[in-house]
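Thanks, everyone, for making the time.

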Amino acid sequence: MSKMLTRDLSVTVLGNTGAGKTTLVHRLKGEDVEDISPTTSIEVHQKTIRLKSQSFKPTLSLERYRSYRVRAIDCPGDMSLWPYWKKALADYNTNGIIFLIDPTQDSKVQIDALTQVSNYYLMTLDDDVVRAERKARKVKAIFFLVVNKIDLIGNSKGNADELIKEKYQTAWNHLKERYPSSGHYWEAISAIDETEQMFDTIDGIFETIKREIYGE
Ligand SMILES: Nc1nc2c(ncn2[C@@H]2O[C@H](COP(=O)(O)OP(=O)(O)OP(=O)(O)O)[C@@H](O)[C@H]2O)c(=O)[nH]1
Ligand SMILES: [Mg+2]
């Protein structure tokens, strides 16, 4: 496969401890999700993938033959280790930020975590807060809110939507207002499931990121 045909997609995966970040990253790589222990440092994962949409492209289209090199930066979620998030965001400067929500965990700490993501990302833009806020209005980042473990809330995307509206809307809106030029999306998944639908959801996330970066 020629280099010209390879494109990069990268994400930083954030969220409170136990939300399922490492499980999701393992799924992305097609690996087992048993025996995963809490993450204690920044871990870089890489996998070359093909997106589902590529197989529907005409045989003469270049897009059909591309490879996507996906890089996922898996971070520790324990609150004492949140400062790593700032380092990960600054060092890897990924295309997207995936923020995982665990519907079975206390929302307060997870709202704090989401707010912290917004603040840490801001710090990567400029040391001066006023200048950083100004840059934030123009920056083209991609923020993906992902409600994980929907197997525990009736496997319903509607229930996930309700949870976001009920508990996370204020923090999510603040983030959107701070980064109005960025992409804001949300999804629901059960990373522990090994179903076609789970893999489709992951594919859909990267399809969205790809469209944001490279266009159709
Ligand atoms: N029921 C259910 N459990 C899940 C799901 N995804 C992950 N888990 C479980 O949640 C626990 C924590 O998963 P991890 O992937 O280690 O979570 P993490 O966010 O990486 O945690 P830290 O590394 O501590 O930040 C594990 O026992 C997983 O098996 C899911 O979709 N449904
Ligand atoms: Mg982990």
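Let me begin with the terms: on a 1 Å grid over the protein atoms alone, a pocket is an open set of points with protein on both sides within 12 Å along at least five of seven lines, a cavity is a set of points where a 1.4 Å probe fits but cannot get out, and lining residues have an atom within 4 Å of a point. Points are joined across faces, edges and corners, and a volume is the space filled by probe spheres set on those points. What you see is a predicted model, in which local features need pLDDT of at least 70 and side-chain atom pairs count only at pLDDT 80 or more, whereas totals for chains, interfaces and linings use all residues. Residues are numbered from 1 along each chain as its sequence is written, chains are lettered from A and ligands numbered from 1 in the order in which they are written, and side-chain values use heavy atoms, with hydrogens and water left out.

The largest pocket holds about 340 Å³ of space, and among its 20 lining residues Gly18, Gly20, Lys21, Thr23 and Ile36 come closest to the centre. What takes up this space? The lining comprises 7 nonpolar, 10 polar and 3 charged residues; here Ala, Val, Leu, Ile, Met, Phe, Trp, Tyr, Cys and Pro count as nonpolar, Asp, Glu, Lys and Arg as charged, and the others, Gly among them, as polar.

Turning to the ligand itself, 20 residues surround ligand 1, with Thr17, Lys21, Thr23, Thr39 and Gly77 the closest, a residue being near if one of its heavy atoms lies within 4 Å. Taken alone, ligand 1 exposes 660 Å², of which the protein buries 82%, the areas coming from the Shrake-Rupley method with a 1.4 Å probe.

The second largest pocket has about 200 Å³ of space, and of the 14 residues lining it, Thr94, Asn95, Lys140, Ala141 and Ile142 are closest to the centre. Two or more lining residues come from each of β4 (96-101) and α6 (196-214), the elements being DSSP runs numbered from the N terminus, with helices (H or I) of at least four residues and strands (E) of at least two. By class, this lining has 7 nonpolar, 5 polar and 2 charged residues.

How many cavities of 30 Å³ or more does a search of the whole structure find? There are 2 of them. The largest cavity contains about 60 Å³, and β1 (6-15), α1 (21-28) and α6 each give two or more residues to its lining, which is made up of 10 nonpolar residues, with no polar and no charged ones. The second largest cavity, at about 40 Å³, has a lining of 9 nonpolar residues, again with no polar and no charged ones, and β5 supplies the largest share, 3 residues.
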